[in-house]
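The entries follow in the order in which I looked.

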Amino acid sequence: MKLPWLMSGVLGTLSVLLISLSAEAARLQSWQFNQAQNQLIFSTDEPVQPRVQLLTDPVRLVIDLPNTSLERRRIREDGDGAIDEIEIRREDDDTARIVIELENEYTIDPAQVIVQGTSQTGWSVQLPPPRRLSRAERRANRDRETRIPIEVIPYVDAAVIQTVEVATNGRGVTIRADQPLTNYTSGWDQTTSTYQIRIPQARLARDFTNPTLDNRSPLLSLRAQQAESGVIIGLQPAPGVQIGEISRVSQSLALSLAGRPQRRFVPGETTRTRILPPLDQLPNVANQRVLIVIDPGHGGRDPGAIGIGGLRETDIVLEVSLRVAELLQQNGAEIILTRADEREVGLEPRVALANRANADIFVSIHANAISMSRPDVNGVETYFYSSAAGRELSAYLLDSLLEATGMNNRGVKEARFFVLRRTNMPASLVELGFVTGAEDAPRLADSNFRELLAKAVARGILQYIVDTF
């Protein structure tokens, strides 16, 4: 008689086999076969290591459970469709055998059979969809039995991540689990620009929630997520905060954080009036101990934009950038230049230099251009990407340039420039004016005006540091 649970293709009635055994032997406690999902699930009262193979003529999946006995010698249930029957029997005094036999016309791909431990005593056997044999295949298999062993994936007792917490003093992040975390990797992920801690073969607790961060947090983001390979914890430090070392303490991982978060721009807040000192009284930031990367755009074989009278962007930005670096050094900042002469430097090396140095600020200096037929387009603008701190830095730079030069205000804008997206610190890109502009080009060609621009850029950076660090 066909069983209803096999005929209907829904989860079958649990078949429980209880036996009286010696203390040394395991027993098969339960099993169920889901016809719709082609999945067998079974459990024993003691850990066993199944041996699985696919046999032909007829095609059948054989699962041997060593040191497991059955009270009844044989249990047989008729199948439906491609499944002919499921049989559980005592193979010998020490082995119980589960056989899933297919109809004569069907087979399955052994490479797609997945046998995996689900607990210390539970197992799942996932069968691929059965495939009908061709007549030639049936003739070839007739009277010839082959045995194909199937890999068995043992159960791994996964660590459970219970909480991820930020220390109240902002000096670290603690990851707590139900067992010691001895297997993990960490480092910066270039795709997401986050620092990641990867814990393989781990899972998040059922009631796990990610911590809530406020504007005073040392982190801009912190999120733990479940992946197929384990748990990934990604975090992004706030401007001014550096990632430290990871240490193991009992059943926890402790990631140290150094530095202090800078003040952050909150979208929607009222922009305060920035008080800028005179250009000849630049603020000193020696006490803040900041490292600033100045990035003169283009260079070498890449002159950048070329405007009225052959005015080249690279000539303008290199002169201005070198003078900005000099002014910043004179006022207590430590400086790195991505280039200090007329050479070509790729975008990735510029970003890598800033990230490796763990710089506090990154400013890329450029000159703008548009079609020669639009000399009416003039003005200064600054760019940021995503980061609220980058937006604030860009606002300081724009305010300082406008106050010093009286140029046309083209605003603070958001853009996906590579050097803004890939840097790990507050970053801004400054466009000093248009080499194609009737008003801007003559001024940009003047060394005295370039000196004025350099002082304005330096002042914007220094005042930003004074107000936010």
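Entry 1. In which strand does Ser-252 lie? I found Ser-252 in strand 24. The model is a predicted one, and I read every entry below with that in mind. I then looked up the cover on this serine. Ser-252 has a relative accessible area of 12%, under the 20% cut-off, so I put it down as buried. Leaving out residues up to four places away in sequence, I listed what Ser-252 touches: Thr-174, Ile-175, Arg-176 and Ser-247.

Entry 2. I followed the chain on from strand 24. Between strand 24 (252–259) and strand 25 there is a loop, and Arg-289 lies in it. I noted a positive phi of about 50° for Arg-289, although this residue is not a glycine. Is Arg-289 buried or exposed? Its relative accessibility is 74%, and the cut-off for exposed is over 50%, so Arg-289 counts as exposed.

Entry 3. I looked for His-298 and found it in the loop between strand 25 and helix 3. His-298 also gave a positive phi, about 60°, and it is not a glycine. The relative accessibility of His-298 is 22%, which falls between the 20% and 50% limits, so I recorded it as partly exposed.

Entry 4. Arg-27 sits in strand 2, residues 26–34. At 24% relative accessibility, Arg-27 counts as partly exposed. I also took a distance from Arg-27 to Thr-182: the two are 155 residues apart in sequence, and their C-alpha atoms are 34 Å apart.

Entry 5. Next I looked at helix 3, where Ala-325 has its place. The relative accessible area of Ala-325 is 4%, under 20%, so I count this alanine as buried. What does Ala-325 touch, once residues up to four places away in sequence are not counted? I found Ile-335 and Leu-337. I also checked Ala-325 against Val-457, which is 132 residues away in sequence; the C-alpha to C-alpha distance is 9.9 Å.

Entry 6. Nonpolar side chains tend to be buried together in soluble globular proteins. The largest nonpolar core here has 47 residues, and I noted Ile-292, Leu-328, Leu-432 and Ile-461 as the ones that touch the most other members. Which elements give two or more residues to this core? I listed strand 25 (291–296), helix 3 (313–330), strand 27 (361–368), helix 5 (388–405), strand 30 (427–434), helix 7 (440–444) and helix 8 (447–468). Helix 8 provides the largest share, ten residues. I then looked up the contacts of Leu-328, leaving aside neighbours within four places in sequence. Leu-328 is in contact with Ile-292, Ile-294, Ala-333, Ile-335, Ala-458, Ile-461 and Leu-462. Apart from this core lies another, of 32 residues, and I noted Leu-40, Leu-61, Leu-102 and Val-125 among its members.

Entry 7. I looked up one glycine in a loop. Gly-437 lies between strand 30 and helix 7. Its relative accessible area is 0%, so I have Gly-437 as buried. Which residues is Gly-437 in contact with, leaving aside neighbours within four places in sequence? They are Ile-308, Pro-375, Val-377, Asn-378 and Pro-442.

Entry 8. Buried residues make up 49% of the 469 residues. I noted that, of the contacts with a separation of 6 or more, 66% are between residues 24 or more positions apart. For charges I have 51 positive and 58 negative side chains, and the centres of the two sets lie 1 Å apart.

Definitions and conventions:
Residues numbered from 1 in each chain as written. Predicted model: local features only at pLDDT ≥ 70, side-chain atom pairs only at ≥ 80, totals over all residues. Heavy atoms only, no water. Core = buried A, V, L, I, M, F, W, Y, C linked by side-chain atoms within 4.5 Å. Buried < 20%, exposed > 50% of the residue type's maximum accessible area, 1.4 Å probe, protein only. Helix = DSSP H or I, 4+ residues; strand = E, 2+ residues; numbered from the N terminus. Contact = heavy atoms within 4.5 Å. Lys, Arg positive; Asp, Glu negative; His and termini not counted. Charge placed at Lys NZ, Arg CZ, Asp CG, Glu CD.
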